[in-house]
Amino acid sequence: MSGLLKLDNALRTKVDAFRERVTAEAEDLVASFFPKKLLELDCFLKEPLSNISDLATIHSELNMPVPEPIIISNSHDGLDSTPNSKKRKLEDGETNCPGTKVFIMPNGMLKSNQQLVAMIEKIKPEIRTLMEKCNTVKMWVQLLIPRIEDGNNFGVSIQEETVAELRTVESEAASYLDQISRYYITRAKLVSKVAKYPHVEDYRRTVSEIDEKEYISLRLIVSELRNQYVTLHDMILKNIEKIKRPRNSNADALY
C-alpha cells in the first residue's frame, strides 16, 4: 500500500509540474503572444502583396500553346464509315469531341501560380500556429474547471464558453487548410482540361478566375486570423478573474 502511495505521489508531482508548465505558457500566450501576433498579421494585411487592386496581375501564364488545327479529309465517297473509326468512337466513350490525348507537355511541367504559392506558404504556418496556441490555452482553461457541484456555477459557464470559443477557432483554422488543398486540386483539374482541350478559351479563363478567387480568399483568411487573435485576447482578459477562479474557493479545482 505504501508503494502505491509513493507511486501516486510521484505521478501527482509530474502532473502538477505539467499543469504549471501549461499555465505559465497559456498566460504568456494570452498576455503577450496574442497581441504580438494580431499586430504582425495586421501589418501583413498592409503589405503590397495583400493589397493588389488589379487582380489581373496575379494571373499565371499557363505556357500551353494552342496547336495548329489538323484537317482530316474524308474518304473518296465523302463519308468516313470505316469499322476502325466507329470502334475508336465507342472506345473513347465521349462526345464527338473527345479532346487531345496528352502524353507530355510541350514546354515541360506546368507551374503553379507562383504568387499565390508564395502567399500560401507564408499563411500556412500562421494557421498552424493559431491552432497549436489555441490548443494550449484550451487545455489551460479546462484544467481550471472545478469539480461539478450544485450552484455557484456562473464562473464555470464562463470557462465553458471560453473553451467552446477556442474549439471553434481551432476548427475554423483547420478548414482554412482544407480550403487551400481544394484550391490546388480544383486548379489541377482545370489545367488538365486546358491540356486536353487547348482550343477552348473558357477553360483558360476559368483558371484565371479561380486564381483571383483564391487570392481574395487568402486575404480574408489572414484577416480572420488577426480577428481571432483579437477576439480571444479580448474575451479572455475581460473574464480572466472568473476563468482563474470560477468559484469563491478554487482550492478543490482538480484534486
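This is a predicted model: local features need pLDDT of at least 70, side-chain atom pairs count only at pLDDT 80 or more; totals for chains, interfaces and linings use all residues.
A helix here is a DSSP run, H or I, of at least four residues. Keep that in mind, because the helices are numbered from the N terminus.

Start with the overall picture. The protein chain has 6 helices and 0 strands. Read from the N terminus, the order is α-α-α-α-α-α. There are 255 residues in the chain, and 32% of them count as buried. Now the contacts with a separation of 6 or more. Of those, 89% are between residues 24 or more positions apart. The accessible surface is about 16600 Å², and carbon and sulfur atoms account for 56% of it.

Where is Arg204 found? Arg204 sits in helix H5, residues 201-238. Arg204 is buried, yet has no salt bridge. Its nearest side chain of opposite charge is Glu61, 5.6 Å away. A salt bridge needs the nitrogen within 4 Å of a carboxyl oxygen. So what does Arg204 contact, leaving aside neighbours within four places in sequence? Leu62, Met64, Pro65 and Val66 are on the list. Val194 and Pro198 are there too.

On to the charged pairs. Side chains of opposite charge can pair when their charged atoms come close. The structure holds 11 salt bridges.

First up, Lys244 and Glu27. Their side chains meet at 3.2 Å, N to O. This pair links distant parts of the chain. Lys244 is in helix H6, residues 240-244, and Glu27 is in helix H1, residues 2-45. That puts them 217 residues apart. Lys244 counts as partly exposed, at 30% relative accessibility. Glu27 is partly exposed as well, at 31%.

Next, Arg226 and Asp42. This salt bridge comes in at 2.9 Å, N to O. Arg226 lies in helix H5 and Asp42 in helix H1, so the pair ties together parts 184 residues apart in sequence. Asp42 is partly exposed, with a relative accessible area of 21%. Why partly exposed and not buried? Because buried means under 20%.

Then a local pair, Asp234 and Lys238. Their side chains form a salt bridge at 3.0 Å, N to O. Both are in helix H5, 4 residues apart, so about one helical turn separates them. Is Lys238 buried or exposed? Lys238 counts as exposed, at 64% relative accessibility. Asp234 is partly exposed, at 37%.

Note on methods: Residues are numbered from 1 along each chain as its sequence is written. Side-chain values use heavy atoms; hydrogens and water are left out. Helices (H or I, at least four residues) and strands (E, at least two) are DSSP runs, numbered from the N terminus. Buried means under 20% relative accessible area, exposed over 50%, partly exposed in between (1.4 Å probe, protein chains only). Contact means heavy atoms within 4.5 Å. Accessible areas come from the Shrake-Rupley method with a 1.4 Å probe; for residues, only the protein chains shown count as cover. Lys and Arg count as positive and Asp and Glu as negative; His and the chain ends are not counted.
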